[in-house]
Number of protein chains: 2
Amino acid sequence: MSEGCNILILTHGNLGEALVETSKMFVSDSNEIYALGLYPSMMAEEFKQKVEMKLEELGSNTIILTDIFGGTPANVAASFLAREDYPIITGVNLGMVIEGLLNNQNTKHELSKIIEDAAHNSIVDLSSKLRNRNNK
Amino acid sequence: MSEGCNILILTHGNLGEALVETSKMFVSDSNEIYALGLYPSMMAEEFKQKVEMKLEELGSNTIILTDIFGGTPANVAASFLAREDYPIITGVNLGMVIEGLLNNQNTKHELSKIIEDAAHNSIVDLSSKLRNRNNK
């Protein structure tokens, strides 16, 4: 296992897997990223067991990114906080995943802050930005 | 065509398609959401043509969500701004898509603001939030 932080993405459906796949178009040599999806056919308990097994495999040096606050993937992640101090950030998008992979040699709590900042910076009203620039 | 705003998601790879599919687990009856992916095998010009055809099909009442600022999907979206005043927001995540679908009866510029606010609100440091709550 590498010494870098592992990133585990927990989402509804195949969103996490798509984020992993797409992130490899930018950071192709990373092995420290994983995803588990909660599908409509799956009971929450089954999903929780899969997450538990993955967290045991990855160890404590892991940060968890989830899709939406209040959703089952985020709640399942939170249920493991009593066991280990995993950083958990909701609202995962591609920019967060890429920044996480590029900076995963930081401690998991430093990485959490980097990813949270990257998340906010990744949201840009591009049309307004370009309109304002053209009006200057 | 419905009177609600159309949401077009432009991303690298299959991320946009996964967002559409996953959003249907929350807003199942929406037909106003579409995705196009830029794949490694595809030239930027080919992607641009696909986007142009889709924008012509969807009409002016469309908002564009893209994955990362500075990426080809965002740049391709921006190239159509001279033709039509599409709102374009980068950093797409599941919360933005769901809020967009739930509020797409607003004007496209109102919807743009709603989605941008939803984007920032969707990013929560869940572990710190729970730790602070438990320490109170």
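Modeller: Two strands pair if DSSP finds at least two bridges between them; strands (E, at least two residues) and helices (H or I, at least four) are DSSP runs, numbered from the N terminus. This is a predicted model, in which local features need pLDDT of at least 70 and side-chain atom pairs count only at pLDDT 80 or more, while totals for chains, interfaces and linings use all residues. Residues are numbered from 1 along each chain as its sequence is written, chains are lettered from A and ligands numbered from 1 in the order in which they are written, and side-chain values use heavy atoms, leaving out hydrogens and water.

Colleague: Happy with that! How do you know that strand 1 of chain A is joined to strand 2 of chain A?

Modeller: From the bridge count: 6 bridges join strand 1 (residues 6-12) of chain A to strand 2, and the two run parallel.

Colleague: Now chain B. What makes strand 2 and strand 4 of chain B the edges of the sheet?

Modeller: In chain B, 4 strands form an open sheet with parallel pairing, in the order 2-1-3-4. Strand 2 (33-38) and strand 4 (88-90) of chain B each have a single partner strand, so one side of each lacks a neighbour in the sheet. From one strand to the next, the twist averages 20°.

Colleague: How many bridges join strand 1 of chain B to strand 3 of chain B?

Modeller: There are 5, between residues 6-12 and residues 62-66, running parallel. B:Leu8 of this pairing stands opposite B:Ile64 in strand 3 of chain B. Helix 5 (residues 108-122) of chain B packs on this sheet, touching strand 3 and strand 4, with its direction at about 25° to that of strand 3 of chain B.

Colleague: Why is helix 1 of chain B called oblique to helix 4 of chain B?

Modeller: Their axes come within 10 Å and cross at roughly 55°. Under 35 degrees counts as roughly parallel, over 145 as roughly antiparallel, 65 to 115 as roughly perpendicular and the rest as oblique. The angle falls in the remainder, which makes helix 1 of chain B oblique to helix 4 of chain B. The crossing is right-handed, the name used when the near helix is turned clockwise from the far one by less than a right angle (anticlockwise is left-handed). B:Leu19, B:Thr22 and B:Ser23 of helix 1 meet B:Leu94, B:Val97 and B:Leu101 of helix 4 of chain B.

Colleague: What angle do the axes of helix 1 of chain A and helix 1 of chain B cross at?

Modeller: Roughly 175°, with the axes coming within 9 Å. Helix 1 of chain A and helix 1 of chain B are therefore roughly antiparallel. A:Leu15, A:Ala18, A:Leu19 and A:Thr22 meet B:Leu15, B:Ala18, B:Leu19 and B:Thr22.

Colleague: Lastly, how much area is buried between chain A and chain B?

Modeller: About 3,500 Å², with 68% given by carbon and sulfur atoms; buried area is the accessible area (1.4 Å probe) that two parts lose on being put together, summed over both. In chain A, A:Met25, A:Ile123 and A:Leu126 lose the most area to chain B, together 16% of what that side buries. The contact takes 45 residues from chain A and 44 residues from chain B.

How values were computed
Axes are lines fitted to C-alpha atoms, for helices over the stretch in contact, and angles run from 0 to 180 degrees between N-to-C directions. Contact means heavy atoms within 4.5 Å.
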